[in-house]
Amino acid sequence: MRALRIFLLHCQRIFEYRLKSFIWFLAPLMNSIFLIVFWRAALNGKSTVTGWTMSDMTAYYLLLAVASTFLNSHVEDGVADEDIRQGDLARFLLKPISYYWIKFCEETPYRLLQCVYGIIFVLISTLVWGNFLKFSLSIENTILFIMIVVLAYFISFTYKLSLGLTAFWFKDAKGLHSALDVVALIFGGAILPIQLFPDYLQKIAYLTPFPYIIYYPITAFQNKYSINILFQIIGFQFFWLSIMLIFNRVLWNKGIKIFTAAGR
Amino acid sequence: MQQYINIYRRLLKINFAELLAYRANFISHLISSCCWTLFQIIWINLLTYKNQSIFGWKKEDLIILTISYVILSGFHHCFLSKNFRELAKIIDYGQLDSYLVKPVDEQFLLSLTKVEYSQLARFLLGTVALIVTLSKFQIYPSLIQILSYIFLMGFGLVTIYSIWLLLSSLMIWYPQINNLVGFLFDLTGVSRYPKEMILKTNNYAIFFFLPITLIAAAPSRYLFNKAITGDTFLLVLECGVLFIISRLFWKFSLRFYTSAS
């Protein structure tokens with residue numbers, strides 16, 4: 001109940017910064033639009049590339065714009081800069097809710113607002129580019145898809161929070177963050193669907209947690225998997241989430257011991 | 001003019017001293033810029049993995065185009081972009097007053113005060129990648145071609161600067177959109193695509209981006225010997241026009257600066 005109240009308070013807060021939030025949404029959207037235009041021109045005359053039709057590609061990149069704003073948490077900079085480096089973390093330590101859930105309640109409303117922008121855009125673009133996005137999921141597949149989305153968000157949030165917690169040890173972890181961002185973008189399917197990667201890169205990508213954050217939720221929505229495969233994806237998502245949570249706990253327990261906050 | 005050269009020389013020294021004072025920070029930013037350079041090279045290789053020729057551009061042409069964008073962005077991030085990130089803060093916190101009362105052109109100070117030397121890694125890695133790509137695909141440009149390429153890259157850089165200044169001026173009216181600079185990075189990224197791609201879409205909303213696609217494409221064409229006089233002329237023209245418009249718009253926007261944070 002307390003967490004819900006905090007969540008609702010943050011929901012009110014995000015509406016103060018609607019325009020700013022919209023600009024954050026524009027960046028991945030523009031990248032997706034240009035990738036669609038690229039593939040439209042590249043596939044001129046050919047209908048498919050490795051089983052992907054142009055309609056699939058258009059849907060993939062538009063859903064990518066929505067998924068990368070909705071499912072990609074950006075909690076790490078706030079945790080590292082404001083909470084750990086500037087010492088704001090001290091005020092959270094005495095609160096009766098864990099730091100993990102406080103940050104979750106802070107971050108989630110921003111992601112939901114971005115998701116709303118995304119849905120509005122997808123609806124508009126359906127009018128512009130035609131009916132490329134067909135919702136053909138059965139009830140069972142829809143339920144499993146929702147589970148995949150929720151788990152994807154938790155993996156992303158826990159991973160980014162852990163990344164932020166590395167600030168307990170590093171003064172400036174921009175290099176580390178950039179390296180991991182690059183890996184996440186490539187193996188998360190932000191450039192093109194993983195199925196279109198060279199074989200060796202596909203094998204590497206499937207061994208990382210990144211496809212489970214963006215790629216699988218998108219392709220699950222596109223109805224590319226049978227129920228068995230969807231269960232497998234959920235199983236792997238639970239596996240990665242457990243690893244992330246353990247890693248997060250270890251970082252928190254070790255980091256909090258060396259944290260100091262000074263003030264008057 | 002000499003006064004401005006002297007000031008800039010001093011600014012370069014101050015920024016270098018800052019680099020020496022915060023060495024860990026420098027190394028961290030250096031790793032970051034190397035990672036993003038690598039990303040751009042992987043990006044184009046993945047996109048062209050299944051496509052050997054697109055819009056009349058061969059795979060190697062598109063790789064050279066992306067590398068040219070990397071080199072340009074190296075210069076841009078080194079000498080200009082950090083200043084725009086600072087500009088967002090300066091306007092948001094109402095600190096622009098101190099720049100406006102100085103006996104130096106405020107646009108000069110706001111655009112060139114900060115230098116991020118770590119970003120030169122993009123330029124260096126890009127140049128190495130360009131040389132490797134040219135020799136891999138057996139493209140041997142003449143000295144005139146190389147000089148034309150460098151000359152036009154200069155125009156490309158000024159064009160990027162002008163677009164950034166033009167759009168950043170909007171922050172005078174809307175200081176709360178200080179994340180606009182983040183969007184500008186992605187906007188500049190459009191220059192990785194050839195203009196033929198935009199022309200093929202027949203979508204008027206996307207035609208708006210056409211000038212950006214000339215920034216890296218026009219110089220790149222000189223390297224693989226496909227220079228089109230029209231593109232060169234258009235880039236020089238748009239560079240001049242955008243520079244003047246951005247300057248006028250910046251001056252106009254300052255009239256609305258209220259100094260409150």
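## Exercises on a two-chain model

Across the interface of chain B and chain A, 3 residue pairs are in polar contact, both partners being at pLDDT 80 or more. The model is a predicted one.

**Exercise 1.** Describe the side of chain B that touches chain A, by helix and by residue class.

*Solution.* 
1. Begin with the elements: α2 (23–47), α8 (180–188) and α9 (195–201) of chain B each supply at least two residues of this side.
2. Of the side of chain B that touches chain A, α2(B) gives the largest share, with 12 residues.
3. Sorted by class, the side of chain B that touches chain A holds 21 nonpolar, 9 polar and 4 charged residues.

**Exercise 2.** State the extent of the interface between chain B and chain A, and count its salt bridges.

*Solution.* 
1. Count residues: 36 residues of chain A are in contact with 34 residues of chain B.
2. Take the area: about 3500 Å² is buried between the two chains, and carbon and sulfur atoms give 75% of that area.
3. Count charge pairs: there are 0 salt bridges between chain B and chain A.
4. For the whole structure, over all chains, the search finds 16 salt bridges.

**Exercise 3.** Locate the salt bridge of B:Arg85 and say which parts of the chain it links.

*Solution.* 
1. The partner of B:Arg85 is B:Glu116, with the closest N and O atoms 3.2 Å apart.
2. B:Arg85 lies in helix α3 (residues 59–92) of chain B, and B:Glu116 lies in the loop between α5 (106–112) and α6 (120–136) of chain B.
3. The two residues are 31 residues apart, and the pair links distant parts of the chain.

**Exercise 4.** Determine the relative direction of α7(B) and α11(B), then examine their contact.

*Solution.* 
1. Helix α7 (residues 143–168) and helix α11 (residues 210–223) of chain B pack at an angle of about 175 degrees, and their axes are 8 Å apart.
2. Angles over 145 degrees count as roughly antiparallel, and α7(B) and α11(B) are therefore roughly antiparallel to each other.
3. On α7(B) the contact residues include B:Tyr149, B:Leu152, B:Met153 and B:Gly156; on α11(B) they include B:Ile212, B:Ile215 and B:Ala218.
4. By class, the residues of this contact are 11 nonpolar, 5 polar and no charged.

Technical notes: Residues numbered from 1 in each chain as written. Chains lettered and ligands numbered in written order. Predicted model: local features only at pLDDT ≥ 70, side-chain atom pairs only at ≥ 80, totals over all residues. Heavy atoms only, no water. Contact = heavy atoms within 4.5 Å. Buried area = accessible area lost by both parts, 1.4 Å probe. Salt bridge = Lys/Arg side-chain N within 4 Å of Asp/Glu carboxyl O. Polar contact = N/O pair within 3.5 Å; in protein donor to acceptor, adjacent residues only side chain to side chain. Helix = DSSP H or I, 4+ residues; strand = E, 2+ residues; numbered from the N terminus. Nonpolar A, V, L, I, M, F, W, Y, C, P; charged D, E, K, R; others polar. Axes fitted to C-alpha atoms, helices over the stretch in contact; angles between N-to-C directions. Parallel < 35°, antiparallel > 145°, perpendicular 65-115°, else oblique.
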